[in-house]
Amino acid sequence: MSTPTPSPHACNGDELTRDNAGNPIFCNRPGHVCPSLSYCGAEDFCCPTGITTTAPATTTRTTTRRPTTTTRRTTTTTRVTRPPTTSTTRTTTKTRPPTTTTPTRRPTTTTRTTTRTTTTRTTTTRTTTTRTTTTRTTTTTTTTTTTTTTTNSFDMTMDSPTLDAEFILEYVGDVPGLSADNPNPFRFSNAFDTSVVLARFPVSTLEECAVACVERAGCDAVFMWVRPTDPAGTLRCHLLPDAGTAGGVPTGTFSLSYRRRTTARDEFTLVHTGTQDATTRPTCFTTAFDFDAMLDRIMLEPQDSNVEDCAQACLDRPGACLGFFVWFRNASETQCILLSDLGSDDGRRTRTASLSFQLNSNS
């Protein structure tokens, strides 16, 4: 599924939440959720919650022990064995007196010299140096962080006489307790289109929003949604000139989309609603897909804002058309089926997103 381009008002003036690549995060996709401190906004892009967190209180305790240095005295041992001994020289000279004989001989002299030298030198040097340095530093840091998250809750089931009398629930968004039978939450396609929204303001009850639409000329639909960062019990009300494109659009918002009962002409009465209304048992005409009862099948353009064309097509067959069945088959296809027989009054259970209109007896 391609990712749409967010409008400048996708987060009601707030900056879009972006991923590591700097791109807006599209949250209406299976397996995709918004990161912490953000929510799935009106156009299904992640928006910042605007939550204020209490600054971390940091307590730092540092204990430092003086470095302990142990140095062992240097011991030098020098052993000298005997000082150098030099010399013992002994000279012995023996001279014999000349002996004269006839014939006369030259005197003979004998000299014997003996020299003995002994030198012994032993030097032993031993040096031992031991140095031990111990440094112990203990640092204790305690950090306490307090984060406060505000989640707005609102009772979407409260009574509203004006809604019950004047409006029809068209779509249910991601509303806990109301979405059990609606696994694919939808909303009006123009709910956040600032070019068509007649007015938007906060209210505290569903009734306030419904009355505001009835009293506003040109208002044919209301979109009510809860913004997580708003104060608890606050509901945002958007007044709309129509119900947007047929079939609505998927959404991740906590919302309800109501349209005025007069949207499908006063000549018809809505008698059955399909799976888009999670507050009632989804039903439709028992003959909705009966070829024998089918007068015509009309393909409505996706941009059709309501079912006026289908209603007019039924009125164009007086006496034959008793009602029509609008089937929101998918986001790009809506079918209008004209019926000559509507079957039993109770209808039958359906799994379709649809509307079943019956022609009033006085029309």
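Predicted model: local features only at pLDDT ≥ 70, side-chain atom pairs only at ≥ 80, totals over all residues.
Arg-216 is found in the loop between α2 (206–215) and β12. Is Arg-216 buried or partly exposed? With a relative accessibility of 35%, Arg-216 counts as partly exposed. Leaving out residues up to four places away in sequence, Arg-216 touches Leu-198, Ala-199 and Leu-239. One of these, Leu-198, is 18 residues from Arg-216 in sequence, and the two C-alpha atoms are 8.8 Å apart in space.

Next comes strand β12, which covers residues 221–226. How many of the 6 residues of β12 are buried? The count is 6 of 6, so the strand is largely enclosed by the rest of the structure. In a regular strand, side chains alternate between the two faces of the sheet. On one side of β12 sit Ala-221, Phe-223 and Trp-225, and on the other Val-222, Met-224 and Val-226; both faces are covered.

β12 also has strand partners. It is joined to β13 (residues 235–240) by 5 bridges, and the two strands run antiparallel. Within that pairing, Val-222 stands opposite Leu-239. Strand β15 (residues 254–260) is antiparallel to β12 as well, with 6 bridges between them. There, Val-226 has Phe-254 as its bridge partner.

Tyr-258 is worth a click in your viewer. Apart from neighbours within four places in sequence, Tyr-258 contacts Leu-163, Phe-167, Ile-168, Leu-169, Glu-170 and Phe-188, and also Ala-221, Val-222 and Met-224 of β12.

Gln-335 lies in strand β20 (residues 333–339). Its relative accessibility is 3%, so Gln-335 counts as buried.

| Side-chain pair | Polar contact distance |
|---|---|
| Gln-335 and Arg-297 | 2.4 Å |
| Gln-335 and Glu-333 | 2.7 Å |

Beyond four places in sequence, the residues that Gln-335 touches are Arg-297, Ile-298, Met-299, Phe-325, Val-326, Trp-327 and Arg-329.

Finally, here are two backbone details. Most residues other than glycine have a negative phi. Leu-37, which is not a glycine, has a positive phi of about 65 degrees. Asp-44, also a residue other than glycine, has a positive phi near 65 degrees. Where do they sit? Leu-37 is in the segment before β1 (38–40), while Asp-44 is in the loop between β1 and β2 (46–48). Leu-37 is partly exposed, with a relative accessible area of 41%, whereas Asp-44 is buried at 4%.

How values were computed:
Residues numbered from 1 in each chain as written. Heavy atoms only, no water. Buried < 20%, exposed > 50% of the residue type's maximum accessible area, 1.4 Å probe, protein only. Pairing = 2+ DSSP bridges. Contact = heavy atoms within 4.5 Å. Polar contact = N/O pair within 3.5 Å; in protein donor to acceptor, adjacent residues only side chain to side chain.
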